[in-house]
Amino acid sequence: MNSEPEDGSLLRVEGLKKAFPLKQPVIDVLLRKPALAVKAVDGVSLSMRRGETLGLVGESGCGKSTLARCILRLEEPDAGKVTFEGQDITRMNKRELRQQRKKMQIIFQDPYSSLNPRMSIREMLEEVLTVHRICPPAQVASRLAELLEMVGMSPDTMDRFPGEFSGGQRQRLGIARALAVDPEFIIADEPVSSLDVSIQAQIINLLADLQRLLSLTVLFISHDLRIIRHITDCVAVMYLGTVVEMAQTGALFDRPYHPYTTVLLAAAPALDPRARRKEYAIEGEPPSPINLPRGCRFHPRCVMATAKCREEEPSMRQVEPGRMVSCHFSNKVS
Amino acid sequence: MSQVEGRRPVELLLQVNGLTTYFFMKDATVRAVDGVTFNLGTGETYGIVGESGSGKSMTLKSILRLVPPPGKIIGGNIEYGGLDLLALSPAQMRLIRGREIGMIFQEPMTALNPVLSIKQQIMESLDTEGMSYQEKLARAVELLKLVGVPSAERRLEEYPHQFSGGMRQRAMIAITLARQPKILMADEPTTALDVTVQDQILKLIAGLKDSLGMSVILVTHDLGVVAQMCDRVAVMYAGKIVETADTLSLFSSPRHPYTIGLMGSLPHGRERGTKLRPIKGFPPDLTSLPEGCSFAPRCEFATVECREACPSATEVAPGHMASCYHTARLVEFKGIIEHADEEGGS
């Protein structure tokens, strides 16, 4: 985790911010009202060791995907720093960034919209290999076959088009495309959310195998806590643009510290019919990321909130080795 | 059909027998619902679980006779209050929809009318005979409060787009409750929602079911939702119910290879690094189902007979039915929960 300033970390995110300005009505501009913005990512710091799988959980709109896109600079962050192997990605020019993308890849949620429907699988993968000059032309064919086999697809399918494949197969192809450049770091953004349960399991097993086989460092974004628990080493929990808790996966699930983590775990429907609860985990819905509450951003919904929480925003601090919590009462929560 | 059901309900409210709905496309026939049989007891929550294309939603639509063309209900009967719903005239059926059997959908935004206020939509659904405007308005406020929408009086004036996803689903429930249906059918009511909001909506449905004395049919793909909500559950695959049992029995001792596969696909263990046991292959093509058992091509227990004829439902424990030739071989399989000694439920 990012507790000690050790430089064994592969990826380091520091104070990352990204806001999306809202279109302002003309009248408001003339009246010089302050412009409003959706604070999608509002000061996130985290770091990942090589070979580690970090889970990023949180509800929709909490900024998970924006954070991922900022890390790859698919979105330009407003503030903060992303370093990969000690190099500051946020300051790279286009050429450097293209080099960098060989090391960092992403798998998207929707396998239907993330593959070009007019390109055959061969064309799609060949393009990746040539653009990034991964291997000499003579070896392209064998590399393609190798990639498809790696994701459990038959090389015979090479000349078919994305439309001819099922959702699960397309996601395999999305993984093959990401792996084509032989990356070190992969962001998997809800990679199985649009798949059926039986297919989800196939893809999760595949990702876990590839992670081990290729020693990948993976940022795994999901709203599904069962999957996060299964596949990750550490977890960062996000709420309204910030990380509220970070810990080893087992520790976090066994004993959440932050009140929001507690709520999130309690809300997930348990797979045991004997463990039914009558009360719901939390009332209300997350407030809008445009007008963030003062103080701790979780305080309006928090059962433990006091005057201090309404005034002062807690900072992330280490409460035990490997566990960071941003709550004034992280010692009292259990 | 003489299906014996676990914890036999005091009173049967709805009996679905051999319901069959096919879609007749230009060059193929999709067997969406293929001989579905189940019953719903008064005050019961019955779950139908399955993956996309298994026919669970179309079963609900068939019950309300809302199958869109080129789909057609071609067989079976649906008994409700001494009537066969499939034999009613369209006018009679309209009296059943909403008043007797209400339905809520996965995406409330597409079910709500975007150009009418929530107030208009609730008041429109009220049985208005002999009610003054003031009475209707009061009832609408009451309904919106009942489903947990804060500042109901004010929010009644708003339009669907001003509501969040969770609030829209609440509004949808309020509209459905306006007619006081005896059966609430919910088609993936929380799939589009975040986990904390899903939790709220599920608890709301469970609470309303008890306080209003409704019965619920809940369609979902999520076994967690089934575990939390349902008294009994049916597992659907390729248009058929392959297994049905009380929820505890299903989770502790599943007896159909598909159910076992579904459970193996779910990460429910604690250990990182353990492998999931997914179902191999792909979901079936409903236009060209194999001879025999539809699950056979993906089934690790399949034998010659599975490929020749479709197994019928057999009772493996009181109230626990599974459509498989090999149920005896599956006894050793434990479900998600350790509960091996209590077979079948009481």
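Strand 3 of chain A runs parallel to strand 9 (residues 234-239) of chain A, joined by four bridges. Strands here are DSSP E runs of at least two residues and helices H or I runs of at least four, numbered from the N terminus; two strands pair if DSSP finds at least two bridges between them. This is a predicted model: local features need pLDDT of at least 70, side-chain atom pairs count only at pLDDT 80 or more, and totals for chains, interfaces and linings use all residues. Residues are numbered from 1 along each chain as its sequence is written, with chains lettered from A and ligands numbered from 1 in the order in which they are written.

Strand 3 of chain A also pairs with strand 8 (residues 217-221) of chain A, again parallel over four bridges.

Buried means 20 or more other C-beta atoms within 10 Å of the residue's own, with C-beta atoms placed from the backbone. A:Thr53, A:Gly55 and A:Val57 cover one side, A:Leu54 and A:Leu56 the other.

Now the interface. 36 residues of chain B are in contact with 33 residues of chain A (C-beta atoms, placed from the backbone, within 7 Å). Helix 8 of chain B gives the most to that side of chain B, with six residues.

The model scores ipTM 0.87 and pTM 0.89.

Terms used
Two residues are in contact if their C-beta atoms, placed from the backbone, lie within 7 Å. A residue is buried if 20 or more other C-beta atoms lie within 10 Å of its own, exposed if 12 or fewer, and partly exposed in between; C-beta atoms are placed from the backbone.
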